[in-house]
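Hello,

Here is the structure I promised to pass on. Have a look first, and my notes follow below.

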2 protein chains.
Amino acid sequence: MKDAPKSVTIRWLAQQAGVSVATVSRTLRHPDTVAPQTREKILKLVNRHQFVPDGRAATFSSKRTGVVGLIVPTISNSIYAEFTEAIQSRLQAADLSLLIANANYSAGTERDIIRKLIESRVEGVILTGYKRDAALYDLLRHYRIPFVVTWSTSPKASVPAISFDNRAAAAEATEMLIKLGHQRIGLICGIASINDRAAQRLEAYRSVLARYKIPFDPEIVSEQPFEIEVSSEAASRLITMKNPPTALFCANDIQALGALFACQRLKIRVPNDISIIGFDDLPIVRVVSPPLSSVHVPAKRMGHAAADAMIDAARKNIPVKSQIVGTELIMRGSTMPIAPPRSRSKS
Amino acid sequence: MKDAPKSVTIRWLAQQAGVSVATVSRTLRHPDTVAPQTREKILKLVNRHQFVPDGRAATFSSKRTGVVGLIVPTISNSIYAEFTEAIQSRLQAADLSLLIANANYSAGTERDIIRKLIESRVEGVILTGYKRDAALYDLLRHYRIPFVVTWSTSPKASVPAISFDNRAAAAEATEMLIKLGHQRIGLICGIASINDRAAQRLEAYRSVLARYKIPFDPEIVSEQPFEIEVSSEAASRLITMKNPPTALFCANDIQALGALFACQRLKIRVPNDISIIGFDDLPIVRVVSPPLSSVHVPAKRMGHAAADAMIDAARKNIPVKSQIVGTELIMRGSTMPIAPPRSRSKS
DNA sequence: CACTGGAATGTAACCGGTTACATTTGTAAT
DNA sequence: ATTACAAATGTAACCGGTTACATTCCAGTG
């Protein structure tokens, strides 16, 4: 009975149970097709030996790996947490599993990850941002792996995206500051050369300024990695310059928080001395003082939609359709109309 | 030449190149063992057809999947980001890849994940926390998958852990508050029943109080999920009660931040009216006002050590040895000696 | 009793690589 | 020329499941 199995396989189990491998496989995969009596006997063996079938072998023949890959640029920013969880819950319900990978804002790392995902023959890939070597898209298409870009939209129709409109959202925020009377508006955003979301938001900021005939001043624009300490330092510099901005648009809440905390350290009042608008609407911005105005991004809806698209593509072979989900500028306590010049103010 | 391949495989490539499958496989796996001329011919084909070998098939015969699984309880808390990145960089250098999974503080989800990891025959598993059904440890052992517990240590010697000492660290923080003269010390921590780190920190808090003969008051102890909004609400309640604590130990920086922001909203001065000590030493606590005192946890070193252990176990079959890495209580501006009784200023 | 059809089970091909071992080819030494 | 050996390549088994198809068995029917 106890023929020391080097490793438990269905073949070995079949032999122990005195049945064929097919019966064991069926017991695990389609229990209703085997006689209850046989089934019980096999299941008892399976449990006794804590048998966990080899997934590689299993997906190998059946052609379905049941895995969807997600590539995020960082796991430090909790905005991706909500997104990831939304995806995960949807996939789980569809009996697919999610493989989370962190590209660390590195194109090279991302390339390696995509290759690995193809190697493991995932049934779908959810990407962050659209800007990457076209060869990678080709590769995914060549292997008929459905993919979808999130968090930004590609100008190419051949690259399906489920995202919000970064430009419109950033434009709305910038315009709001202008409508509040601000003319000198600083910008802190991610590094545009490696982050297409940052690039699009920066672009929108510039074009709104242009539309309102406000000169673009590179002195008050700062591209920074998303680390709170460096963002806060960058904000400090903007705030303490000779001719400081009266408002700050931070294209990311991490940076908005960095700016707020810099103001707190420097005893600069928000919003009285300077207005701040963030981007992402992280839960934390609601509890700081003052609560930050921010562009709410539909991370959850975007995640659900992306997951659904992958499910439909994997299961029903439905091509992924691009989709825009809305953002909402939420005004809280970190913004106010610009203080009128002293002369007119003291009424 | 263009015999429409339903899918590109080494067999098909071999046929195209007029060589055997072994030669193709060798070209990709051990290029130096094939004649340069043959190699070039095959590589050209590989590139032309964007061939990406099936990883399942590859690891299937070679017995090495080259994957290590990491299970974190949440991806929202950025403390796990630094940890994850430390692991990732070490594994990458050893040519192993990391599969990140999010258990969402659910034992059931974690069980499913562990099963999936075993199904995909990972070569190592890094777990967060020690408290889980013993059957899961048995399963991992049964499949000879090296594993290591992080972020807390198990009382069982059979469960190797690479962690810091939660009890000692929490005790040090609590004791520090007592030494600053505080006698009424509130605690906000995670939900002990589902989080063994929170449980151990709570336990340490109680035992230090006992040692100093300070009565334990459940009224000023609050177990909360790690969401900044609910933590902040919980802190508000503690702070505004009739007989509020003069110090708060938050066994997690998210909660410490929640508490700080609650104080800011309620115009309670930190540290003058209330001292706060956090836990984790997130980058953000250094930039808020006042900067928070916090227990620095060696997430990076812990990650490196855990990854190294997995590498050694997978590659050299070295059993995982338990290890304790140190924490450090870092005092910043959120703590001060208790103010004399009448100091809660009404002005 | 022979026949039909469905349920239960078995047989073996197959998925796509890897690699031990066998074979062929080429080169140098005797 | 013969032998010896290394380099290059080929053959085929193997990894561990899944499943199409074949087979066996039995109840029900005419």
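Which helices of chain A and chain B each supply at least two residues of the surface near DNA strand D? In chain A they are helix 2 (21-29) and helix 4 (55-62), and in chain B likewise helix 2 (21-29) and helix 4 (55-62). Helices here are DSSP runs of H or I with at least four residues, and strands are runs of E with at least two, numbered from the N terminus.

A word on the source: this is a predicted model, where local features need pLDDT of at least 70 and side-chain atom pairs count only at pLDDT 80 or more, while totals for chains, interfaces and linings use all residues. Residues are numbered from 1 along each chain as its sequence is written, and chains are lettered from A and ligands numbered from 1 in the order in which they are written.

Now the two chains. Chain B can be laid on chain A by a turn of 180 degrees and a shift of 0.0 Å along the axis, with an RMSD of 0.0 Å (least squares on C-alpha atoms of residues with pLDDT of at least 70 in both). That is the relation of a two-fold axis. The same surface serves both copies, as 100% of the contact residues of chain B recur in chain A (contact: C-beta atoms, placed from the backbone, within 7 Å).

The contact takes 42 residues from each of chain B and chain A. On the side of chain B that touches chain A, helix 4 of chain B gives the most, with five residues.

Best wishes

How values were computed:
Two residues are in contact if their C-beta atoms, placed from the backbone, lie within 7 Å.
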